[in-house]
Amino acid sequence: MVTKTKEEALIEANRQKISAIDHQILSLVKERESLSVAIGRIKQELAIPQRDFAREKAVFEAAKHTALAIGLPANFAVALQKLILEDSLSRQEQDRIKNA
């Protein structure tokens, strides 16, 4: 039987914590997606444009500020937000097609 060293046990414990955080991140992205789809439906009912470029700019600026405040690279935060935004817009479009 192979016993783990203290360091190996610490690695495993930290990996389990990372997995839990990854699950939380994805759950929050899913929650955000649901809210985005709801917003898209309301915008469609009100016949207003789906894209709000001023809002998008504000989201990116907020991401930069938050990243810098917590010690993350601003460009990483903006890239992540862009990826999330692109997915949100895609989900809204899929929802419009499905409910057309």
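Modeller: Helix α3 covers residues 74-98, and its 25 residues should span 36 Å at 1.5 Å a residue; the end C-alpha atoms are 36 Å apart, so expectation and model agree. The expected span is 1.5 Å times one less than the number of residues. Helices here are DSSP runs (H or I, at least four residues), numbered from the N terminus. This is a predicted model, in which local features need pLDDT of at least 70 and side-chain atom pairs count only at pLDDT 80 or more, while totals for chains, interfaces and linings use all residues. Residues are numbered from 1 along each chain as its sequence is written, and side-chain values use heavy atoms, with hydrogens and water left out.

The buried residues of α3 are A77, V78, Q81, I84, L85, S88, L89, Q92, D95 and R96. Buried means under 20% relative accessible area, exposed over 50%, and partly exposed in between (1.4 Å probe, protein chains only). These buried residues pack against α1 (6-46) and α2 (53-70), where contact means heavy atoms within 4.5 Å.

Two packed helices are described by the angle between their axes and the distance between the axes. Axes are lines fitted to C-alpha atoms, for helices over the stretch in contact, and angles run from 0 to 180 degrees between N-to-C directions.

For α2 and α3, the axes come within 8 Å and cross at roughly 145 degrees. The crossing of α2 with α3 is right-handed; a crossing has that hand if the near helix is turned clockwise from the far one by less than a right angle, and is left-handed if anticlockwise. On the α2 side the contact is made by E56, V59, F60, A63, K64, A67 and L68, and on the α3 side by A74, A77, V78, Q81, K82, L85 and L89. By class, this contact has 10 nonpolar residues, one polar and three charged. Ala, Val, Leu, Ile, Met, Phe, Trp, Tyr, Cys and Pro count as nonpolar, Asp, Glu, Lys and Arg as charged, and the others, Gly among them, as polar. T66 also belongs to α2; at a relative accessible area of 46%, T66 is partly exposed. Its C-alpha atom is 8.3 Å from that of A77, 11 residues away in sequence.

The axes of α1 and α3 come within 9 Å and cross at roughly 50 degrees. That makes α1 oblique to α3, given that angles under 35 degrees count as roughly parallel, over 145 as roughly antiparallel, 65 to 115 as roughly perpendicular and the rest as oblique. This crossing of α1 and α3 is right-handed. From α1, V29, R32, E33, S36, V37, G40, R41 and Q44 meet Q81, I84, D87, S88, R91, Q92, D95 and R96 of α3. The contact of α1 with α3 divides into three nonpolar, six polar and seven charged residues.

On the α1 side, E33, S36, V37, G40 and K43 are buried, and the buried residues of α1 pack against α3. G40 has a relative accessible area of 4%. Leaving out residues up to four places away in sequence, G40 touches Q50 and Q92.

Just after α1, A47 takes a positive phi of about 55 degrees. A47 sits in the loop between α1 and α2 and counts as exposed, at 68% relative accessibility.

Notes: Helices (H or I, at least four residues) and strands (E, at least two) are DSSP runs, numbered from the N terminus.
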